[in-house]
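Open the model in your viewer and keep the selection panel at hand. Each stop below names what to select and what is there.

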Amino acid sequence: QHTNLEIIRQRARDLLSLIDAMVDWAKLEAGELTLEFTDTNVQQALAEAVELAEQRSGSRGLRVRTELASELGQVRADRKHLTQALLGLMDHAARSDDGPTITLRARVVNGDTGKTLRVELFDPALEFREEDRSHLFEAFRPSFAPTGKRIAGLSLGTAVARALVRAQGGDVWFESRPERGTTFVLTLPATC
């Protein structure tokens, strides 16, 4: 009974996550999503997202290794929606393999336009077919591994993640190489 109850809880969390993502997607598409910008401690926001991702993965058993720079400072962001974007990207990894381990790296880099927070989510097991790469951030488009196996989900998490981060002045993209996995990259302007 305990095992069955845990399965029901996991599916309920999955359903709630899907509903939240669909509501936010609809608001983003209609230009009606309101963001509340605050000075957000990056270290705390990342820790919260990792904890939630590991909890939400339930029996799939997502593990997240972190490699964080010693000083990450703050970003001016909507913390709730930043966390949601990170969860959407990590959730994609949780669906790609049983018992996945991903690595989250974060650092602040200096560029021509100032300091930028760069967060990388590396999944060594996640690969895409060449023809799916251009559609990865399109909602409701299934994606497939090079073997032809369908990757669970509807790309809603990745689509919402990119839209949420772009609405906050950043960007999300991915880099994937055959037999070397995939890295999602999230950037936001750093305030200090």
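**Stop 1: a charged edge**

Select Glu 67. With a relative accessible area of 35%, Glu 67 is partly exposed. The model is a predicted one. Arg 65 and Glu 67 form a salt bridge, with their closest N and O atoms 3.0 Å apart. Arg 65 is also partly exposed, at 46% relative accessibility.

Arg 105 is partly exposed at 28% relative accessibility.

Which residues do salt bridges with shared partners join into one network? Select Arg 65, Glu 67, Arg 105, Arg 107, Arg 118 and Glu 120: these form the network.

**Stop 2: the sheet under the network**

Switch to cartoon view. Five strands make an open sheet in the order E2-E4-E5-E9-E8, with mixed pairing. Strand E2 (63-68) and strand E8 (171-177) are at the edges; each has a single partner strand, so one side of each lacks a neighbour in the sheet. On average, neighbouring strands are turned by 20° against each other, direction ignored.

Color helix H2, residues 42-57. H2 packs on the sheet and touches E2, strand E4 (101-111) and E5. The direction of H2 makes about 165° with that of E2. Then color helix H4, residues 156-167. H4 packs on the sheet too, touching E8 and E9, and its direction makes about 135° with that of E8.

**Stop 3: along the pairings**

Start with E4 and E5. These strands run antiparallel and are joined by nine bridges. They form a hairpin, with two residues between them. Return to Arg 105: its bridge partner in E5 is Glu 120.

Step across to E9. Glu 120 has Val 185 as its bridge partner there. E5 (residues 114-123) and E9 (residues 181-189) pair in the antiparallel sense over eight bridges. Select Leu 121 as well; its bridge partner in E9 is Phe 184.

**Stop 4: a polar side chain inside**

Select Thr 182, in strand E9. Is Thr 182 buried or exposed? Its relative accessible area is 0%, so Thr 182 is buried. Where does a polar atom of its side chain point you? Look 2.5 Å away, to the backbone oxygen of Leu 126. Beyond four places in sequence, the residues touching Thr 182 include Phe 122, Phe 128 and Phe 174.

**Stop 5: the nonpolar core**

Nonpolar side chains tend to be buried together in soluble globular proteins. Here the largest nonpolar core has 45 residues. Select Met 90, Phe 184 and Leu 186, which have the most contacts inside it. Leaving aside neighbours within four places in sequence, its contacts include Leu 82, Leu 86, Leu 89, Leu 117 and Val 119. Arg 118, a member of the salt-bridge network, is also in contact with Leu 186.

**Stop 6: one more salt bridge**

A search of the whole structure finds eight salt bridges. For the last stop, select Asp 39 and Arg 76. They form a salt bridge, the closest N and O atoms being 3.4 Å apart. Asp 39 lies in strand E1 (residues 38-41) and Arg 76 in strand E3 (residues 74-77), so the pair ties together parts 37 residues apart in sequence. Asp 39 is partly exposed, with a relative accessible area of 47%. Arg 76 is partly exposed at 43%.

Key. Residues numbered from 1 in each chain as written. Predicted model: local features only at pLDDT ≥ 70, side-chain atom pairs only at ≥ 80, totals over all residues. Heavy atoms only, no water. Pairing = 2+ DSSP bridges. Helix = DSSP H or I, 4+ residues; strand = E, 2+ residues; numbered from the N terminus. Axes fitted to C-alpha atoms, helices over the stretch in contact; angles between N-to-C directions. Contact = heavy atoms within 4.5 Å. Buried < 20%, exposed > 50% of the residue type's maximum accessible area, 1.4 Å probe, protein only. Polar contact = N/O pair within 3.5 Å; in protein donor to acceptor, adjacent residues only side chain to side chain. Core = buried A, V, L, I, M, F, W, Y, C linked by side-chain atoms within 4.5 Å. Salt bridge = Lys/Arg side-chain N within 4 Å of Asp/Glu carboxyl O.
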